[in-house]
Amino acid sequence: MLRMANISKRKVLVIAGVVACVFACAIVALLEFDSLGRPTPSGPSKGPSATAGYMIALGPLSAAWGFSMYIRCSDAKIRRWLVGVAALVAFWMLVVLLKYPIRGDLATALLWYCYYIPMTAIPTLCVLCAMRAASLDEVAWVRCVRRVIVAISAFAVFAVLTNNVHHFIFAFDFADPDWGGNYRYAFGYYVLVAWYIVLFVIFFATLFLSARRSLRSMLFAIGVIVGVGVVYGVMFTLRHVATLTSNVALTYCILAMVAIELTLDLGFFPSYAWYTLAFSKLPFDLKVLEANGDTVFQTEMAQPMPQAAADTLKTADKGLGESWAFRTTGAPHTLFKVYPVSGGRAVLAEDVAAIDERREALAATQERLRRSNAVLEREAEVQHEMWRLRSERELFVEIEKSLESKTRRIQMLLDSLPDSNAPDSIARRREMLVEVKLLVAYCKRKGALVLAEKSDPEFNRERLQLVFNETAADLRSIGVECAALVQTNTPLPASVVSVLYDCLYDFATVANAASDAVLMLFVQQDERRVQLRAMLDSSDAESERMAATFDELRASLEKHRVEYSIETDSSSASLVAYVPLPTKGGK
């Protein structure tokens, strides 16, 4: 199964064909040059023609090497940069091969300057690869350093290519026929060489800091190769006799290729060559299968796949691009997880025996908790029902207590009704039944007020007006003309309304005992209390019977603990009662 399924073979073949054509043209040009006779070199670095064959061979070799790195390197960015290094090697060899047959000072100088494009770009790309391999390319300050390095290298190439303008790198005079041999290095050249050394130092420092301890010792081999290159470059700069007849381009490219190859093979750069070993050492039961189910890779911990699991993989209605999981009876405590990979599937077998045991314990605990929860729910229902019954019983006791005296009065009246049909007995019986009717109406509304204290404890003006209107209607039904007016600003507590109703009933009892009674009721509220004003007009307001009734009224009002005043004359009586409002936070 291919590791790089996304590689375009057509693209690789096109690139290889172009490189072959270019080098074929270079070979033809060299043959033509030899047939014309070797001219006297007109440019720098008279160059040994004996190495032309090596340079011609290095061109296709660099193309093949670039393709090999494209296949082996697993990081996309590093892969592109390494292919760029291979392209620069081929470009350099082509420039060197073309420089010798070219005639003309300007063309020769430009080809000479083109040497420094790969000479500068190759160490720059190596530094970028090292930063990427060390996972430093996402660090903010490293990104800034990377931009600075690229900018300086680009400026160095620009300075070399424009040397004819400023001669800051190489100093010579085109008027000299032998300018190619009589040039000298200017100050900029030594700056350029120092920059190359800085790039290689950054390259090795980055690799050393990011490499594992086991890999750091292997940097010695790469360092020896690069050190040889640096020593060779310094000797060439100083024009040592041993280097004047050598091919600097060929030597530089071979050393760079060997150093980069070592970084890839030793694992400093991410490479697929190390993935197979790393994959086999993974602490998992992991297999990579082809589409037909054949095993391609597997870890050392991988166990033989049960037949039931293999059958499930073959018969499952799942595409190669889907991730899924399954379990089989052939391996009861194993979970198989399937992941899509290029050209097949990766199957991870996990031992879930501990998870299954924990799941069973959790299921047993859940069932136990479910039963406990059912018991608690039933207990809560029983408690709620008991609370409801207790609340109803307490409410009944409270209503019974509040109406106890009135119910006894009703029972006493009913027990003492006269049986005679004499006119006096009939009149007496009628008066007693009217009082019973009034008491029954009181009991009904008093019970409603007690219930309101539990459910809806506030009375607004409309609701309070309705209570007084119903009482007025009851009084009119027994012959007492009555009207009521309520003016309140805020809702009143049910406890205050209950006291007001008791005061109203007590005064209504007085009105029931009067002759030709007319009763007016008025309720008003201020900040601290509620005022009840009642005015009674009657022809016998000062009779002995009414006096006894007023005594009973005073006793009842004192029981309610309200402030009151009663005034009477021959034809009227008035009551003013004050019920205090509860303070905030009070009862």
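Visitor: In strand β7, which residue is the bridge partner of Val288?

Guide: This is a predicted model, in which local features need pLDDT of at least 70 and side-chain atom pairs count only at pLDDT 80 or more, while totals for chains, interfaces and linings use all residues. Residues are numbered from 1 along each chain as its sequence is written, and side-chain values use heavy atoms, without hydrogens and water. Strands are DSSP runs (E, at least two residues) and helices likewise (H or I, at least four), numbered from the N terminus; two strands pair if DSSP finds at least two bridges between them. Strand β3 (residues 285-290) runs antiparallel to β7 (residues 344-351), joined by 6 bridges, and in β7 the partner of Val288 is Ala346.

Visitor: Which residue of β4 is the bridge partner of Val288?

Guide: β3 and β4 (residues 295-298) pair in the antiparallel sense over 3 bridges. They form a hairpin with 4 residues between them, and Gly293 in the turn has a positive phi of about 100°. In β4, Val288 is bridged to Phe297.

Visitor: How many of the 6 residues of β3 are buried?

Guide: Buried means under 20% relative accessible area, exposed over 50%, and partly exposed in between (1.4 Å probe, protein chains only). Strand β3 is largely enclosed by the rest of the structure, because the buried residues number 5 of the 6.

Visitor: How many of the 18 residues of α5 are buried?

Guide: Helix α5 covers residues 116-133, and Ser135, which follows α5, has a positive phi near 60°. The helix is largely enclosed by the rest of the structure, because its buried residues number 14 of the 18.

Note on methods: The expected span of a helix is 1.5 Å times one less than its number of residues.
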